[in-house]
Amino acid sequence: MAIVEAKSADLEVREGVEQAKRYAAKLNLETTYATNGKEIYSICMKTGRRAGRKLFKSGRTLAQTYSDENKWRDIFTTIPYQDKSGTWKLRFYQEIAVRNTLEAIAQNKKPYSVNPCHRNRQNTAIAFQIAWKLFYAC
């Protein structure tokens, strides 16, 4: 329900933030934490909100985050990304763009448009993965 990236007590609490975000994005989780055993730092992958915390969210609170079951979301998450037999992988921000677009489709909302400032190759990778998942979902 959440990722907890733990680092040594000798390190700054935010040291594990990027690694925690990568894991949460791969697992399509909304909540992630970085900790050094002395402090807790939370990141909401949906809103981008970051904050220091005294405690982790309870399992019940985290479960409520995912309580709105959605048939299409469930289908989309079971379809793996096309990775050319393990030789190719989306970048974390591309995975987020694909996930956000498919989530909008699952909720019958207008999908976010891909940022036109990104290079065409990145847009193509995102568009391909969206098409791939939609094709196999039907």
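This report walks through a sheet, a helix pair and a pocket in a predicted model.

## The sheet

Let's start with the strands. Four of them form an open sheet in the order E1-E2-E3-E4, and the pairing is mixed. Strand E1 (2–6) and strand E4 (50–53) are at the edges with a single partner strand each, so one side of each has no neighbour in the sheet. On average, neighbouring strands are turned by 25° against each other, ignoring direction.

Strand E3 (residues 40–44) and E4 are joined by four bridges in the antiparallel sense. If you want a spot to look at, find isoleucine 40, whose bridge partner in E4 is arginine 53.

Helix H1 lies across E1, strand E2 (31–35), E3 and E4, and runs at about 155° to E1.

H1 (residues 17–27) also meets helix H4 (residues 92–106): their axes come within 9 Å and cross at roughly 35°. This crossing is left-handed. On the H1 side the contact involves Arg22, Ala24, Ala25 and Lys26, while H4 brings Phe92, Glu95, Ile96 and Arg99. By type, the residues of this contact are four nonpolar and four charged, with no polar ones.

## The second largest pocket

Sorted by type, the lining has seven nonpolar, two polar and five charged residues.

Conventions:
Residues are numbered from 1 along each chain as its sequence is written. This is a predicted model: local features need pLDDT of at least 70, side-chain atom pairs count only at pLDDT 80 or more; totals for chains, interfaces and linings use all residues. Side-chain values use heavy atoms; hydrogens and water are left out. Axes are lines fitted to C-alpha atoms, for helices over the stretch in contact, and angles run from 0 to 180 degrees between N-to-C directions. Helices (H or I, at least four residues) and strands (E, at least two) are DSSP runs, numbered from the N terminus. A crossing is left-handed if the near helix is turned anticlockwise from the far one by less than a right angle, and right-handed if clockwise. Contact means heavy atoms within 4.5 Å. Ala, Val, Leu, Ile, Met, Phe, Trp, Tyr, Cys and Pro count as nonpolar, Asp, Glu, Lys and Arg as charged, and the others, Gly among them, as polar. Two strands pair if DSSP finds at least two bridges between them.
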